[in-house]
Amino acid sequence: MGAGSRFRVVTDSTADVPLQWIERYGISVVPLTVLFGREPFRDRVDLTDAQFFARLKTADRLPTTSAPSPGAFAELYQSLSSECEGIISIHIGGTLSGTTEAARLGAAGLDGFPVHVIDSGSVTMTVGFLAQVAAEAPDLDQALQRVRERLGRQKVLALLDTLRYIELGGRVSRAQAMLGTMLDLKPILSLQEGEIKSVDRVRTRGKALMRLLQLLRQDLPIERLAVMHAQAPADAERLREELAQELPEVEVVIGQIGCVLGTHTGPGAVGFAYLTA
Amino acid sequence: MVDGPLLKQALLGSLARLVAKQEEINRLNVFPVPDGDTGTNMLLTLQSAVEDIRESSATEVSKIARIAAHGSLMGARGNSGVILSQIFRGFGNAVQGHSELTPAELAAAFEEAANAAYRAVIKPTEGTILSVAREAGRAAKVAADEPGATVARVIEAATSGARTAVERTPSQLSVLREAGVVDAGGYGLLVMLEGMLHSVEKTEAELERLSGVQPAAQATLELPQEGWGYCTEFLILGADLDVAGLRAEIAALGDSVLVVGDESAVKVHVHTDDPARVLSLAGAHGKIDRLNVGDMSSQHRRILEQEVSGADESAAAPMSTRPNGVGLVAIASGVGLAEVMRGLGADAIVEGGQSMNPSTENMLTAVEQVPYQEVLLLPNNKNVILAARQVAALTAKQVHVLPTSTVPQGVAALVAFHPDRTVTENAAAMQESAQHVQTIEVTHAVRDSRANGVEVKKGDVIALINDKLRHAGGDYGAVVERALDGIGAHDYELVTIYRGSQASESEVNQLSESIRGRFPSLEVELQAGGQEHYPFILSVE
């Protein structure tokens, strides 16, 4: 692939890529699926975030989520192959979802056409940032190189308002989150290189927000940073303002947690998705 | 000269006198809260000191002193108990290598005992057991320097030096002055010296003369609450003992009475609210031996606690070992509080807290039990911190004491624990977390009092904020409201109410409703604490 070659960037809906970026960079987003009972909804296609959380609140059973099919990827890659010379397809960590595997299977069907499927090991805007990095690269080689350089530098820190959703989704147990059974504790979790870890447990939301900032400061310097939230815009704005002052050289983006990730975080979650410098 | 047997006799004399005065010392409490336990703590510490001495027939004074030092260290309870153990340690070190002591050497040992106690305390305070010990040592030294000094003269001088120092304590500490009491620990030490003098001199008349001085406020003090039964057991040794007559007399003073034996030895077991009275009655018939006085409410709690922990162990999966190799031991009173702390990761709970301080040995046992080489120890009560600090010296494990002085501080510290962090990182984070929580303890005044400018009537609801008496009033809601106002509760997010065993469900609901009404921005969480003496403990954060 030479300089100036045309390539396209593909990701999935769990990357929480802002709408403007999709337009600005021409990023393609493959939706995962949320199932309320037997009713399937394509993430952010059939259901907006607001509609989803409203429904989540009133649902008597929690929704389930499922990865796109290999066929969905094959179809997209096929149609893109006519307008570019290669694809970089960056996705949610393989430890969290079958999406990356589906993308690989989908790519295998395209004989000779270069599709580079990347397992980000992460989720939400850190994946979105990788897509942005790739899209800003002059060519596919550069895009691949820049994305790979950043794979170990992605981190997500999240405060969940309750452990209920992630626990029911089977991702984290009470014991893993170090939550006792008596007191109402709020977990702070981290995601790094595909692994969810418990970072802290806190009694009050105010204290938890301060703790999130403290934890982020330990990871400075930072290259790209997003404040993510699930229906908690005021808290997200508070964090953004705080950080805008502290880190004038970093653009702090506010992003919304989508339906699939929201199924596991539940409403009220807030946190940071970032690439360290 | 003081040899082993004489020191033994003197210490047993101290014990007998302290038994008789235990409740009187307990009542010398600065705050009108039901936690006056200095007398009990000193007695239990001294009991532990003399336990092995009884069996010893050592002739060397150094040997007896060493046994006492070790025993008191293991049995140390509460601040006064810990300081007492340091006094024994200083005495033991001073007489090392001596088979007997001259009056001058005895005086020097008294002085060194006081010095050792001063060294052991981080911030020594005048007007406490420390200054009483020092004045006793000084007076002993003066008496020993006089021509023709005898052992009895030296002890007598130490006793009167101690008495002068005790009488001075209210002028040295304003809290004592305000509450109208002398220092309880200092008075306890005086009582021990009196007992020593008595057993050495064996002159009743002399003791009467000496014990003429009474603590100023004693007459105005209320008797302890009823129903706090003590399980009291001892032997009466004598000649021509009248078993049936004794049984009838003792039965009038308590229940669960067992009086058996023959004319030379009678075994007594009784549950009574007034062990001192039982002992003075029995003492009139013969010599008291093998005395054991236990606080039954605390024994009962211990049994409950064991049942809970036993059930826990059988139900829980084998404990996964923590990556950082750090164990957690917490002191808690009440089944609910123990459960909360276990839920946060405490590997062992030592039963204790207000008015039933665990001994150094209790804590040592728990520290040894947990399967980790490094242990964070949380006293969760200000009167337990000093005894907890003693544990570090008694074990090969690395013990770090976090100076948590209330239950909410202990819980906040435990919440901040993380199994991936080193012990040092954890200790720093836990301490930081503990400092950011406000504690409100709510109870009833056991007597009229005045402290921190707060006028208190017996039976009043009183609130202590971070261990200081701040508010008094007629009902829980009003007093708690003022306490919350006092700490600026509008700036906080969450109030956790730990309900004590004395508070009813409807009382706690009423209290939480009144807090919600008055402070709508505060979240209120209810927990069954099960602690005694404090109907409510509030954590504000």
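Which residues of helix α11 (residues 243-251) of chain B are buried? In this predicted model, they are Val243(B), Leu246(B) and Ile250(B).

**Helix α11 of chain B**

Viewed down the axis of α11(B), the buried residues fall within an arc of 65°, so they line one face of the helix. An α-helix has 3.6 residues a turn, so residues three or four places apart point the same way. The face turned away from the buried side of α11(B) carries Ala244(B) and Ala248(B), which are exposed. At the N-terminal end, α11(B) is capped by Asp242(B), a side-chain oxygen of which lies 3.1 Å from the backbone nitrogen of Gly245(B).

**The four-stranded sheet of chain B**

Chain B contains an open sheet of four strands in the order β6-β5-β7-β8, with parallel pairing. Its edge strands are β6 (348-351) and β8 (398-401) of chain B, each of which pairs on one side only. On average, and with direction ignored, neighbouring strands of this sheet are turned by 25° against each other. Strands of a sheet pair through backbone hydrogen bonds, either parallel or antiparallel. Five bridges join strand β5 (residues 326-332) of chain B to strand β7 (residues 374-378) of chain B in the parallel sense. Val329(B) has Leu377(B) as its bridge partner in β7(B).

| Helix | Strands touched | Angle between directions |
|---|---|---|
| α15 (residues 360-369) of chain B | β5, β6, β7 and β8 of chain B | about 170° with β6(B) |
| α18 (residues 423-435) of chain B | β5, β7 and β8 of chain B | about 15° with β7(B) |

**Thr395 of chain B**

Thr395(B) is located in the loop between α16 (385-391) and β8 of chain B. Its relative accessibility is 11%, and Thr395(B) therefore counts as buried, the limit being under 20%. The side chain of Thr395(B) makes a polar contact of 2.9 Å with the side chain of Glu368(B). It also reaches the backbone nitrogen of Lys397(B) at 3.0 Å. With residues up to four places away in sequence not counted, Thr395(B) touches Leu364(B), Val367(B) and Glu368(B).

**Cysteines**

A disulfide is a covalent bond between the sulfur atoms of two cysteines. Over all chains, a search of the whole structure finds zero disulfides. Cys84(A) has a relative accessible area of 9% and is buried. Cys259(A), at 1% relative accessibility, also counts as buried.

How values were computed
Residues are numbered from 1 along each chain as its sequence is written. Chains are lettered from A and ligands numbered from 1 in the order in which they are written. This is a predicted model: local features need pLDDT of at least 70, side-chain atom pairs count only at pLDDT 80 or more; totals for chains, interfaces and linings use all residues. Side-chain values use heavy atoms; hydrogens and water are left out. A disulfide is a pair of cysteine sulfur atoms within 2.5 Å. Buried means under 20% relative accessible area, exposed over 50%, partly exposed in between (1.4 Å probe, protein chains only). Helices (H or I, at least four residues) and strands (E, at least two) are DSSP runs, numbered from the N terminus. The arc is that of the directions from the helix axis to the C-beta atoms. A polar contact is a pair of N or O atoms within 3.5 Å; within protein, one must be able to donate a hydrogen and the other to accept it, and residues adjacent in sequence count only if both atoms are side-chain atoms. Two strands pair if DSSP finds at least two bridges between them. Axes are lines fitted to C-alpha atoms, for helices over the stretch in contact, and angles run from 0 to 180 degrees between N-to-C directions. Contact means heavy atoms within 4.5 Å.
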